[in-house]
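Here are my notes on the model, as numbered points. Please read them with the structure open.

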Amino acid sequence: MAQKSSYLQYLPPVLWRDDPQDPEFSLGGLLRIFEKLLTGVPDGAVIRHGGHTHPPIGEQIDRLDRLFDPWQTPAPFLPYLASWVALEFPTLQGEPLWDEYQQRRAIAAMVRIYRRRGLRGGLNDYLDLYSSAAIRPRIALDDGSRVLTVTPDPVAPTAPAPVAALVSQGPVLQGTALWAEGVVRPWTAAVGADGSVFLGDIGVPAGVALPIRNRVWRISPAGHYDLGPPPKATPRPLAVDTLALSQVCAVAVRPARSGRPETLYVLDRPGKLSAVAAPYVGVPAVAVTSVAASGTVSWPVAMTVDGNGNLLVLDRGAAQGFPSAPTVITVDLAGPTVSRTALHTVVEPLSLLVRPDGSLLVGDGGPQDPADAGQYPGNLVLVDRSNPASWTETPLLPAANPLTAPTGLALLPDGGLYVLDAGLKPIWPAGQTAPFVLSVAEPAAVHRVDLGATVPTVVRVTEPGRFVYPTGMATDGHRLLVCDPGQHEVPHLDTFWPRVRPYRFDAVIHFADPRLPSDPTERQLALNRAYGDIRTIVEQERPAHTLVNLITEI
């Protein structure tokens, strides 16, 4: 060694004063070896391990905290670090299924997930870890939360917004006998001047042998039902139930004006329009008119009230699963008279909003059988009605945007536009051979849209997995109210039991076709593997008192 160790200075001189020079053995030469290992001082000799220069131990000690940071630790250390949180990385035939990023993400999130174990949020987070694999299935947990609230932060409107269940209690059954009424599958909502929330409930599918029909309900801002009189104070539907409606699809509140009471208007799928006036209790409902035109197919999807007090109905013009012929139906209640205006830009009408200036916003799902990825996004279409003889339509968002199926629109007092998106395309998979393998399968979410930016922006404000199949949204001024009827019915599959049976929930799984392998054998293996992983996780992590159904087809 060319030099003696500088560590000698820390020893008494008697130990090194007569230390011999190289090449004889000396204490200074011996300490030089340890000094090189600890600090990496140069001496012409290179220490190698596995073909790589060994870094100084001192530097490794300085970086010791990074060794236990899942985002900074060396990749070979990840399996050992995962064992600290009882996490095993999934493998297939000995080969890892997760890439390095997924491994780091899972380790970093696992402690937080364990804190929520036994809760829906914890199970949601756990499933989200595994759904980030290559095929990324869309997993939604239906625990019977029928109406949910989303409360954006007025100071930071694009920050994550808390989601809470407003209505989770439905009807009470004993076998097939109905003990108490309640909301089952709310499809649409509107809000009255006093904050009352009106819900259009489509009930259970027609072929289900249960005494539960579609209803219209009024609940308080806190989610409490309007109860009947004692001694049996059970949830009470509104009087429109006496009109024998068939699948309530839209509700709208016409404000009170000039001695005219606030009035709730109810529309069912065949086009029957009914009304019941405030105070609603003890007030008979009346049939107003029909919005269905003779000789044409009507399929209303949304309804609202404009500044003139007219009702506006967004009509798909064809049944689910068939190409649409969108129109806006204007109902002048003074007559009443019904008129139609065709929409030529909108492809798949899903939601409707009247802006303060009288123009309309239509949530458009776009082509439902997309030819390529460029047709995956949905859009918002501005309908200018300033010229009654010729309405104009303008898509507002760039062709590439996060929306897929905008089923709800709402404006908050700060002018913020919020869009509820179901995340599925096609939104109506009727007639498909694989109704759970779609062109697009993204988590349903609420987005905030800024149309005033140079390039309009769309920012998701709710975490994935909070909604199953959301179909409508309203606002009471400071929060958003989301109707989630659960998975749309699919022939031969029971997808509504969490709504009528206690301690049950559904895990609804959709797959995006473009993410699956093209080879049929590999595709089936991928589907089976994902299904098996999800089933295992749900069974292990579900609350112990619950039962679960996995809703999909593979």
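1. Burial comes up throughout, so its cut-offs go first: buried means under 20% relative accessible area, exposed over 50%, and partly exposed in between (1.4 Å probe, protein chains only). Trp-217, at 0% relative accessibility, is buried. Its partner Tyr-225 is buried too, with a relative accessible area of 16%.

2. Some ground rules. This is a predicted model, where local features need pLDDT of at least 70 and side-chain atom pairs count only at pLDDT 80 or more, while totals for chains, interfaces and linings use all residues. Residues are numbered from 1 along each chain as its sequence is written, and side-chain values use heavy atoms, with hydrogens and water left out.

3. Aromatic pairs. Rings of Phe, Tyr and Trp (its six-membered ring) pair if their centres lie within 6.5 Å; planes under 30 degrees apart are stacked, over 60 edge-to-face, and the rest tilted. The whole structure holds 9 such pairs. Phe-68 and Phe-77 are edge-to-face, because their ring centres lie 6.2 Å apart and their planes meet at 70°. Trp-217 and Tyr-225 are also edge-to-face, at 5.7 Å centre to centre and 65° between the planes. Phe-68 and Phe-77 belong to one aromatic cluster with Tyr-80 and Trp-84. Phe-68 is partly exposed, at a relative accessible area of 37%.

4. Helix 6 against helix 7. Helices (H or I, at least four residues) and strands (E, at least two) are DSSP runs, numbered from the N terminus. Helix 6 (residues 100–115) packs on helix 7 (residues 120–130) at an angle of about 170°, with the axes 10 Å apart. The two helices are therefore roughly antiparallel. Angles under 35 degrees count as roughly parallel, over 145 as roughly antiparallel, 65 to 115 as roughly perpendicular and the rest as oblique. Axes are lines fitted to C-alpha atoms, for helices over the stretch in contact, and angles run from 0 to 180 degrees between N-to-C directions.

5. Their contact (heavy atoms within 4.5 Å). Arg-105, Ala-106, Ala-109, Met-110, Arg-112 and Ile-113 of helix 6 meet Gly-122, Asp-125, Tyr-126, Asp-128 and Leu-129 of helix 7.

6. How covered is helix 7? Of its 11 residues, 10 are buried. Among them are Arg-120, Asn-124 and Asp-125. The buried residues of helix 7 pack against helix 6, strand 5, strand 34 and helix 8.

7. The nonpolar cores. A core is a set of buried Ala, Val, Leu, Ile, Met, Phe, Trp, Tyr and Cys residues joined through side-chain atoms within 4.5 Å. The largest has 35 residues, and Leu-87, Leu-127 and Phe-511 touch the most other members. Helix 8 (520–541) is among the elements that give two or more residues to this core. Helix 8 gives the most, with 6 residues. Beyond its neighbours within four places in sequence, Leu-127 contacts Ile-139, Leu-141, Ile-534, Ile-537 and Val-538. A second, separate core of 18 residues includes Leu-350, Ile-427, Trp-428 and Val-490.

8. Backbone points to check. Cis peptide bonds join Ala-278 to Pro-279, with omega about 10°, and Gly-335 to Pro-336, with omega about -5°. Pro-279 sits in the loop between strand 15 (272–277) and strand 16 (286–290). Ala-86 is not a glycine, yet has a positive phi of about 55°. Ala-86 is exposed, at 62% relative accessibility. Tyr-503, also not a glycine, has a positive phi of about 65° and is exposed at 56%.
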